[in-house]
Amino acid sequence: NYCAAEHGGTHLDAPIHFAKGQQTMDEIPLDHLMGNAVLIDVSEKAKGQPDYQVSVADFLAWEKKYGTN
């Protein structure tokens with residue numbers, strides 16, 4: 001099963017919308033849709049601030065603690 005936000009499928013298989021012979025969503029290999037990720041936890045900073053936005057400083061602090069690789 002595949003689940004995504006509204007229009008996610010449209011954006012995912014966009015090449016087929018513009019060029020003949022390109023892949024549709026069901027033809028794209030799963031390993032092309034995955035990659036490495038990190039979690040920048042700003043939950044403490046966001047408490048009581050529902051409009052908190054992750055900042056460059058948050059990323060730099062994470063990199064200082066964990067590195068850039």
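I take a residue as exposed when its relative accessible area is over 50%, as buried when that area is under 20%, and as partly exposed in between. The model I am reading is predicted, and every value below is computed from it.

Entry on Met-34. I looked up where this residue sits and found Met-34 in the loop between α2 (14-18) and α3 (43-46). Its relative accessibility is 58%, so I record Met-34 as exposed, given that the cut-off for that class is over 50%. I then checked the surface around it and noted that Met-34, together with Leu-30 and Leu-33, makes a nonpolar surface patch of about 330 Å².

Entry on Gln-23. I found Gln-23 in the loop between α2 and α3, and because its relative accessibility is 36%, I list Gln-23 as partly exposed.

Entry on the whole chain. I counted four helices and zero strands in the protein chain, which I wrote down as the pattern α-α-α-α when reading along the sequence. Of its 69 residues, 9% count as buried. For the surface as a whole, I noted that the protein chain exposes about 6,400 Å², with carbon and sulfur atoms supplying 55% of that area.

Methods: Residues are numbered from 1 along each chain as its sequence is written. This is a predicted model: local features need pLDDT of at least 70, side-chain atom pairs count only at pLDDT 80 or more; totals for chains, interfaces and linings use all residues. Side-chain values use heavy atoms; hydrogens and water are left out. Patches are made of residues with over 30% relative accessible area and no salt bridge: like charges are joined within 9 Å, nonpolar side chains (Val, Leu, Ile, Met, Phe, Trp, Tyr) within 5 Å. Accessible areas come from the Shrake-Rupley method with a 1.4 Å probe; for residues, only the protein chains shown count as cover. A salt bridge is a side-chain nitrogen of Lys or Arg within 4 Å of a carboxyl oxygen of Asp or Glu. Helices (H or I, at least four residues) and strands (E, at least two) are DSSP runs, numbered from the N terminus. Buried means under 20% relative accessible area, exposed over 50%, partly exposed in between (1.4 Å probe, protein chains only).
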